[in-house]
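User: I would like to go through the packing of this model. Could we begin with the interior?

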Amino acid sequence: MLKKYRGKLEWLNSISLAELQRKIGEIYFVDHYKMIADQFLYKKDFETSLFLRIAMETGIRSADIPCIEWSCMHGKTIILEETKRGDLYKKVNGTFPKISTQSLRIMKLLHRKQGKIFTKSNEYYVRKISCAWGMPGFRIHSFRDYRRKDRNGNYSRSTSSKDHSIIKE
């Protein structure tokens, strides 16, 4: 039995304890996020669930998430200008951030029901998520950090809006 898994676990010998702890922390972080997002859905708090999902899936700043309007959406792709720097949000590989199919469904439901996606301030959503997270040291910026890092631990940068070409889907 041990021989069967030895090859699959050999990578453990090549990483440091700190790297292993980081990987375990990421797994816990992602699982906890999913649980909290599902709790909001179960309570029918679609806006807060969507806010959390967008933060995790895209790395968009919490202050900018409530600014997302239906006109920003191109399929699952979000074209949104950062309020802090005026650049368009882009991922490490240069593509625009995308949301999941589930998040798009929630977004469509909210837009259809209330004519817009978000109705409250980012502080409102951050406070609700922080309370639901239930652990000291919660930072909404952790979602941005998680999404912005590439495999080498490097952070992405936004691209100037001057470099933006219209995407078509």
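User: How many residues does the largest nonpolar core have?

Analyst: The largest nonpolar core has 35 residues, the term denoting buried Ala, Val, Leu, Ile, Met, Phe, Trp, Tyr and Cys residues joined through side-chain atoms within 4.5 Å. Buried means under 20% relative accessible area, with a 1.4 Å probe and protein chains only. I54, I68 and F143 have the most contacts inside this core. This is a predicted model, in which local features need pLDDT of at least 70, side-chain atom pairs count only at pLDDT 80 or more, and totals for chains, interfaces and linings use all residues. Residues are numbered from 1 along each chain, and side-chain values use heavy atoms, without hydrogens and water.

User: Which element gives the largest share of this core?

Analyst: That is α2, with seven residues; helices are DSSP runs of H or I, at least four residues, numbered from the N terminus.

User: Turning to aromatics, how are the rings of F51 and Y125 arranged?

Analyst: Their centres are 4.9 Å apart and their planes at 20°, so the pair is stacked. Rings pair if their centres lie within 6.5 Å; planes under 30 degrees apart count as stacked, over 60 as edge-to-face and the rest as tilted. F51 lies in helix α3 and Y125 in helix α5, so the pair ties together parts 74 residues apart in sequence.

User: And F118 with Y125, what geometry there?

Analyst: F118 and Y125 are edge-to-face, 5.5 Å centre to centre with 70° between the planes. F118 is buried at 6% relative accessible area, and Y125 is buried at 0%.

Terms used: Buried < 20%, exposed > 50% of the residue type's maximum accessible area, 1.4 Å probe, protein only. Helix = DSSP H or I, 4+ residues; strand = E, 2+ residues; numbered from the N terminus. Phe/Tyr/Trp six-rings, centres within 6.5 Å; stacked < 30°, edge-to-face > 60°.
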